[in-house]
Amino acid sequence: TGDQVDRGPGSVGILKLLTGLQGEAKQAGGRVVLLLGNHELMELQGMPDYAHADEVSALGGEEAWRRAWELDGDIGRLVRERLQAVAV
């Protein structure tokens, strides 16, 4: 499912865990598909409206959070490279 982020103070950790599982699954001959949800999309667009305040603070505040989610930021790049958008 999408919307792995903005669900609590550990959402970025969950995102990193899930993307790590992608590599493990591939090595084992399987596959993990992570979907790009509207919350990830909002973060990429610079709208951290639903981000948990504790998580934003832990990353260094709102400006650091926005930079991390920019398209070339650490989290933004991870999301762009590992999550998929699907039209149904």
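**Close-ups of a predicted model**

**View 1. Val-12 and its contacts.** Setting aside residues up to four places away in sequence, Val-12 touches Glu-55, Trp-65 and Ile-75 (contact: heavy atoms within 4.5 Å). Val-12 sits in helix 1 (helices are DSSP runs of H or I, at least four residues, and strands are runs of E, at least two, numbered from the N terminus). Val-12 counts as buried because its relative accessibility is 12% (buried is under 20% relative accessible area, exposed over 50%, partly exposed in between; 1.4 Å probe, protein chains only). Val-12 and Ile-75 are 63 residues apart along the chain, with 7.9 Å between their C-alpha atoms.

This is a predicted model, so local features need pLDDT of at least 70 and side-chain atom pairs count only at pLDDT 80 or more, while totals for chains, interfaces and linings use all residues. Numbering runs from 1 along each chain as its sequence is written, and side-chain values use heavy atoms, with hydrogens and water left out.

**View 2. The buried side of helix 4.** Ala-64, Trp-65, Ala-68 and Trp-69 are the buried residues of helix 4. They sit on the same side of helix 4 because they cover an arc of only 130 degrees around the axis (the arc is that of directions from the helix axis to the C-beta atoms). Their cover includes helix 1, helix 2 (38–44), helix 3 (53–58) and helix 5.

**View 3. Around Val-79.** Beyond its neighbours within four places in sequence, Val-79 is in contact with Leu-15, Leu-36, Glu-40, Leu-44 and Trp-69.
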